[in-house]
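Thanks for making the time this morning.

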Amino acid sequence: MFSFLINRLLQSIVVLIAVALIAFSLFKFVGDPINNMVGQDTTLQEREELRERLGLNDPFHLQFYHFIKNAAVGDFGISYRHKVPVSDLIAERAPATLELSIISVLLSVFIGIPMGVYTAIHRRGFISRSFMSLSLVGISLPTFLIGILFIFLFGVILRWLPTFGRGEVVSIGWWTTGLLTWSGIKSLILPSITLALFQMTLIMRLVRTEMLEVLCTDYIKFARARGLSEQAINFGHALKNTLIPVITIIGLQLGLVMAFAIITETVFQWPGMGMLFIQSIEEVDVPVMAAYLMMISLIFVSINLLVDILYAYIDPRLTIDGGSKHG
Amino acid sequence: MSMIKKILTTSIMTGMILGASAVSANTLKFAFQGDAQSFDPHGLNETFTLGFLSNVYEGLTMLDKDIKVVPGLATSWEVTSPTTIVFKLRPGVKFHNGNSFNADDVIFSWQRTLSEGSDQKVRGMMVKDIKKIDDLTIEVHTDGPQPLMPSEWAWVFMMDKEWAEEHGAINAANVKEKNANGYTLNHANGTGPFEVVSRQPDVKTVFKRTANHWNKITTNITDVIFTPVKQAATRTAALISGELDMVYPIPVQDWKRLDSEEGVSAIRGPEARTIFLGMDQSRDELLYSNIKGKNPLKDIRVRKAMAHALHLDLIKKKIMRGASTPTGLMIAPQVNGFNPDYNTPYKYDPAMSKKLLAEAGYPDGFEITIDCPNNRYVNDEKICQAVASMMAKVGIKMKVLAQPKSKYFGKILAQNNYDTSMYLLGWTPGSMDVHNVLLGLISCQNKETKAGLFNLGNYCNKRVDELQKLVGVETDPVKRQTYIDEAMKIVKDEVGYLPLHQQPLSWGISDKFQINQRADNVFDFRYVVKK
């Protein structure tokens, strides 16, 4: 088990460094940061001095070495645009993204699972069929389009909900939350549904398929023969057994939701990390871009590592395969 | 019964609304597509940033609603010798923290513009030394005559020396110093009509009207809330839904929609920004063309052919929705030095273009690539595509390379050795004076004197260079204008550039407010009135 862990951990570090290298070599294609940092009247000499100060004239491997060395101790440098440490910026924006992502995941779970169960049980019902066709929309329409449609419908035509922003937020220590004010909650509705829609339909379809399979198994038939109530069979026995793959997917999707949040955040001007990333790309704020990409890959790598460990724990055969050579 | 109920509820509601408006202040909520790139008053010399800050900070001079230079924190100034200007400072001016404004603050602010993190060094370096005569009189010494210094200094904001020292902000905020002098990035203390209540970069900035401002100003607004909104569609939606009172810019294609909605309108006017095409006239062989061994753009007949192939009215009609102002000059009417006599665009005459091309030895035209931004100016990429199809009609095959501004500027500017054969650029002189354009765009490139930094194609005429220098130091307005006219005529006759148009300003506003649209696209709170 121990060697398995070490092995996986090393692999994760290699993945992180690879991501850093790829990201870093892509940055030079984004443009020149200097032009966004100075005005049109700034002389060539001043621009050159700034470039020198930022270390942009150093060769690539040296720049990369400095980046890795500092990143290893959590120092991502200073944002070119905001002129404050990147870690502060990310910490300031993280609550908005986390709140949005968590609410979206909760929404997709608590709406997606019941919908999946319902469509599995009443396969040919009218409501099931409409759920299924609606879910196609959720899977196939791009997020930004759904967001704009929502804004147009609920913000402009009906005027029920705000079109952008986070509303009023309350600070609790370093965390800021919109859940404690009415305007904050109202602001959360549209973006969280927009973000949740894809996961929601995914979970619904997954639960439905799993459910259909389980409902055909012998033990369900046996339960029926015993005369258990439909409710007990469907929720007590069938659903429980479908949840294992669903939970795995939800875990893996959490990372995706945070990454997907970029588009939702841009459409709704949600002041989270995704918005920060998009703005940084536009202004070629390399330290912020690098830190964001590293953070997202760290999240993905950690989730995968965790899943691997859990699997290994559940099924010891994996450990032997991974740890020995005759796998 | 129901009637009575209706009347009752209506009157209660009216009462509530009236009560609310009597208690609540006049708040203006507005959005721009991005945030000020630096909140430090000397951090970035860029129009939106400086315009945004000009509600909080003021300079010795300032710009009024027609962008004319008027006295600001100086009541008057006098040129006492060719290299000396004496400023009388305004008495009784207070910073937001209550400190008085005086000569020491001017000297401090000037020195701060020369600090490492400052982007106002060019304006700071116009001055050699400032001597304090008394608390409200200063003597500014310059190396040579600097008649433009007072108007340029409308953008040099005055800071309180004591406040800056107290908060470790004696130098402009610098990207390389960790955790040092970052105070000015979220805090401000100026003399302007509005003070900053809170600021979170990229998210929200709250202003309130300061008590006892020295100047009589029109506005009845007491609070201003600014939120950047990046997506144009979201901005427009927020304006229509009433969440925001003013947003800009509005995409030209959304004008119709705004006009058809109740309670909001799009206000548009000509911006002082001139959009033009530049051509590489210095290399012996173009970087991006199929003609090898020579540079067709060095031939005046080819440049003329291009000029006559441009159908500016068509661009105006089809791409700018009738809202651009076709131009023949490199400066807009709002810019000091503008002379309408020279503003007629080149005539649209494709037959002549073809003839000129044949004369120059290119009867079948040639190929060339034009560099173009796609997120910097109003419909920039579409303009380039239109130009390409107009050129195609006379035989020039133009390829459009449109890129986001970061990539675009990174490619074509000086630090990348002007890597372009032809390009589209827009320019508003920060000083609103023609000299800025003559120096930066029209003078020959010169690394030592820093002239022609943005003359990317290096159009070069020695006489124009001389005239530029004369315009820079001449104080007699009549003589100065003759120099300007001569320079502009030469550029035009030689087709140094291909001016296209002044692009439209495009602001969306709620009908509850009245504002003044400044031609430099600066939103000045001083002229906002809630009806």
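Are H7(A) and H7(B) roughly parallel or roughly antiparallel to each other? Before I answer, please keep in mind that this is a predicted model. The axes of H7(A) and of helix H7 of chain B, which covers residues 232-240, come within 10 Å and cross at roughly 5 degrees. Angles under 35 degrees count as roughly parallel, and H7(A) and H7(B) are therefore roughly parallel to each other.

As for the residues that meet there, H7(A) brings A:Ile148, A:Ile151, A:Phe152, A:Gly155 and A:Val156, while H7(B) brings B:Ala233, B:Thr234, B:Ala237 and B:Ile240. Sorted by class, this contact of H7(A) with H7(B) has seven nonpolar and two polar residues, with no charged ones.

Let me now turn to the contact between the chains as a whole, to which chain A gives 42 residues and chain B gives 40 residues. On the side of chain A that touches chain B, the elements giving two or more residues are H2 (34-37), H3 (44-53), H7 (143-157), H10 (230-267) and H11 (273-282), each a helix of chain A. H7(A) gives the most to that side, with five residues. By class, the side of chain A that touches chain B has 19 nonpolar, 14 polar and nine charged residues.

Finally, a loop in chain A: A:Gly74 lies between helix H4 (60-72) and helix H5 (86-121) of that chain. A:Gly74 counts as exposed because it has 8 C-beta neighbours inside 10 Å, and the cut-off for exposed is 12 or fewer. The C-alpha atoms of A:Gly74 and A:Ser87 are separated by 7.9 Å, with the two residues 13 residues apart along the chain.

Technical notes
Residues are numbered from 1 along each chain as its sequence is written. Chains are lettered from A and ligands numbered from 1 in the order in which they are written. This is a predicted model: local features need pLDDT of at least 70, side-chain atom pairs count only at pLDDT 80 or more; totals for chains, interfaces and linings use all residues. Two residues are in contact if their C-beta atoms, placed from the backbone, lie within 7 Å. Helices (H or I, at least four residues) and strands (E, at least two) are DSSP runs, numbered from the N terminus. Ala, Val, Leu, Ile, Met, Phe, Trp, Tyr, Cys and Pro count as nonpolar, Asp, Glu, Lys and Arg as charged, and the others, Gly among them, as polar. A residue is buried if 20 or more other C-beta atoms lie within 10 Å of its own, exposed if 12 or fewer, and partly exposed in between; C-beta atoms are placed from the backbone. Axes are lines fitted to C-alpha atoms, for helices over the stretch in contact, and angles run from 0 to 180 degrees between N-to-C directions. Angles under 35 degrees count as roughly parallel, over 145 as roughly antiparallel, 65 to 115 as roughly perpendicular and the rest as oblique.
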